[in-house]
Amino acid sequence: MTPVLGQFGTIVLLIFGGGDLSRQGPWLSRPRSEPSSGLLITFWQFLFTTLASAPTQLSAKGPYGLRPSRVPISRWAVIAAMFFTINMLNNWAFAFDVSVPVHIILRSFGSVTTMLAGFVRGKRYSFLQVFSVVLLTAGVLVSAWADSESKGKSMSLETAASASRFATGLGILLLAQLLSAYQGAFVEDTYSMYQADWTENLFYSHIFSLPMFLPLSLSLQQQYASLAATGPLDLDKAARLSREDGLWSRAPPDAVLGTSLRSLIESLPRGVLFLLVNAVTQLACISGVNLLAAKSSAVTVTIVLNVRKLVSFIFSTILFGHHLSAKMILGSALVFGSGALYGWESTWRLPRERRRKAVQGGGPGNGTVKRG
């Protein structure tokens, strides 16, 4: 296997395996006894990722025991501040009773806003690149609609919140979306300017964010106390329910997990177990995202994340015994087709056109994104 294919396989495994797909099981969902634990979940993800990525930056010869960074520390601090703010804004929006469909719709426009941010920063895109991003966004929206219908949920944008609260929540989400787009372009420029290693971004964007949680320490303690008070997970019951849905083999939990692992799982409060599993899967996903960001453009990253969202919709639909509806098939065709179109345009046609113009003595051509 070539290094390029190996890296591609690693990225796919981390993003798709460590993302939504690994948290589909009902026993890994957020405990109902503490639905407002978003802040604590975010903190655990940041803390766990910091600890897991720290060994990649340790060096006995470097300052403070860290290897010298290729990027100015101040730039990593800016990226960390944006990363922290985006996460906090997304969590905060739920406090204003903004419905999940609104979240889905706005986040589906990530590729569009990232492309706009790139345009503002001087990047230019071809017609096919713009068209494929618009088509992909439409496909994700159709797929989200189909996914909600298959689970008996409504995609209505109606909310019980007052108009002012809804407007405030919507404004927070829009701000988070725009800031996320700007951050993507800023990180892309960082990789291009300094040839930074993706593990540096993973480490510094998380460790520099940890002190920002200090003003929220009281809320973190309260949320942790609530999750720590949850009862342990009953693996026999979880396996029985999952077996009825076709999610678990006929083998007993002991045969699948082993006695020691089962004892460890059942000794932990269910809420704490959720935090640990969520942090591990998030580490895998964010590692894949950072690795991809170091090799490609910010728009490509958002496209891959949208494709992952679609795969998650399909996976959950099949996993829970539902049939793929015509809407889901249409959405899938739009997403995969537009993703392939963007990839062909960015990695084959445009580079070929630039090489042809260079041979003819012209400029690099209408460049668009230099990294696919």
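Colleague: At what angle do helix 9 and helix 13 pack?
Modeller: This is a predicted model, where local features need pLDDT of at least 70, side-chain atom pairs count only at pLDDT 80 or more, and totals for chains, interfaces and linings use all residues. Residues are numbered from 1 along each chain as its sequence is written, and side-chain values use heavy atoms, with hydrogens and water left out. Helices here are DSSP runs of H or I with at least four residues, strands are E runs of at least two, and both are numbered from the N terminus. Axes are lines fitted to C-alpha atoms over the stretch in contact, with angles from 0 to 180 degrees between N-to-C directions; for helix 9 (residues 217-228) and helix 13 (residues 270-295) the axes lie 6 Å apart, at an angle of about 115°.

Colleague: Which residues of helix 13 make the contact?
Modeller: Contact means heavy atoms within 4.5 Å. Helix 9 brings Tyr224, Leu227 and Ala228, and helix 13 brings Gly271, Val272 and Leu275.

Colleague: Is Ser108 buried or exposed?
Modeller: Ser108 sits in helix 4 (residues 100-108). Buried means under 20% relative accessible area, exposed over 50%, and partly exposed in between, using a 1.4 Å probe and protein chains only. Ser108 has 0% relative accessibility, so it counts as buried.

Colleague: Which residues is Ser108 in contact with?
Modeller: Neighbours within four places in sequence are set aside here. That leaves Thr137, Val140, Leu141, Asn306 and Lys309.

Colleague: How many helices does the chain have?
Modeller: The chain has 372 residues, and 45% of them count as buried. Its secondary structure has zero strands and 15 helices.
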